Amino acid sequence: MGKRRIWNKRKNSGGSVTAHKCRCHCLGPLTFYGQAAGDRIHLSSDGLQAERRGDTFRGGVVFTSRPVRVRERIRVRVQKDDVFRWQGAMRVGFTSVPPSDRSLPLPEMAIPNLTNKRGHWAVPVPEYQCSAGSELVFWVSAGGSVYLESSNTRRKLLSGVDLSQPLWAMIDIYGQTRSIRLLGSEMKGLFYRRKSCPVSAPELPISPDRGCNLNANASTSGQADECISCLDTDMSADETCVVCMQRAVKSALPCGHKCLCYQCTSRVSLQVLLQFGTCPLCRENIRLRAGQEILT
């Protein structure tokens, strides 16, 4: 069985073309959306760093370039702070309003200017967690709650986020927070971890209509969260088993994806896989019908 990989082309700031190799565990590139940001925001050429400039504590709202998934953990690092000048620090949250649909200029603050409107949820991050060099991780859970993790401490910030529509992450670079860098995202699955595509400076974010960018209308429920370019990828025998991530694959699921090694097709691993209920690659239901077997 032949294998096929998808290569996407990007233009860097110098105009040359570089190739991006998309893998099936990829969550898609994640940058800040450059066409709708606060009046005081300056974005780096790679779309990963956002800085609030000027003598003000507001005007620093930014959004992610694509919708994020439920349980997709977004990691940011505070690059610069302004501790002795302002009170309060950055706000984090989510919105179901696409950045591309927003009118400019944006409201100056996420709280209360945006949170007073339908489809916006945001909460302040404590000042002590926002000093320069601090790394923060936030995500929305399957129950609609927003969590923040910093220095091995996890806390629930708010609840009641509507998961019925796609969600974009929203950050307000507010008060003492002067500059942040988006470090990517990660999603922990049953068998493996999925990560966002790396974006190396000075590359520009990949265009929305190519590669493994999530469609803006995709559900956040997780049912459509595979890379678009990988849904029809043929898995060959020299690929790595999706369970142990070490041995070569030898066994095919009923959907046709060859993604398990002999050892992980054992009774114990198979029972776990069948209980999980879907193929790790294409999400097709893999519960066996009467008389059907895993092919090896």
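**Exercise 1. State whether D46 and R181 are buried or exposed, and describe how their side chains interact.**

Step 1. Both D46 and R181 are buried; buried means under 20% relative accessible area, exposed over 50%, and partly exposed in between, with a 1.4 Å probe and protein chains only.

Step 2. The model is predicted, so that local features need pLDDT of at least 70 and side-chain atom pairs count only at pLDDT 80 or more, while totals for chains, interfaces and linings use all residues. Residues are numbered from 1 along each chain as its sequence is written, and side-chain values use heavy atoms, with hydrogens and water left out.

Step 3. A salt bridge, defined as a side-chain nitrogen of Lys or Arg within 4 Å of a carboxyl oxygen of Asp or Glu, joins the side chains of D46 and R181 at 3.0 Å, N to O.

Step 4. This pair links distant parts of the chain, 135 residues apart: D46 is in the loop between β4 (41-43) and β5 (49-52), and R181 is in strand β14 (residues 177-188). Strands (E, at least two residues) and helices (H or I, at least four) are DSSP runs, numbered from the N terminus.

**Exercise 2. Describe the surroundings of L136.**

Step 1. L136 belongs to strand β10.

Step 2. Its relative accessibility is 1%, so L136 counts as buried.

Step 3. Contact means heavy atoms within 4.5 Å. Leaving aside neighbours within four places in sequence, L136 is in contact with residues including I74, R75, V76, M90 and L148.

Step 4. For L136 and V76, the separation is 60 residues in sequence and 5.4 Å in space, C-alpha to C-alpha.

**Exercise 3. Locate S96, and describe strands β8 and β9.**

Step 1. S96 is placed in the loop between β8 (91-95) and α1 (110-114).

Step 2. With a relative accessible area of 14%, S96 is buried. Beyond its neighbours within four places in sequence, S96 has contacts that include G119, W121 and W168.

Step 3. β8 and β9 pair in the antiparallel sense over five bridges; two strands pair if DSSP finds at least two bridges between them. T95 stands opposite H120 in β9.

Step 4. Strand β9 (residues 120-124) is mostly covered, with four of its five residues buried.

**Exercise 4. Summarise the protein as a whole.**

Step 1. Its secondary structure comes to two helices and 17 strands.

Step 2. Of the 296 residues in the protein, 51% are buried.

Step 3. Among contacts with a separation of 6 or more, 67% are between residues 24 or more positions apart.
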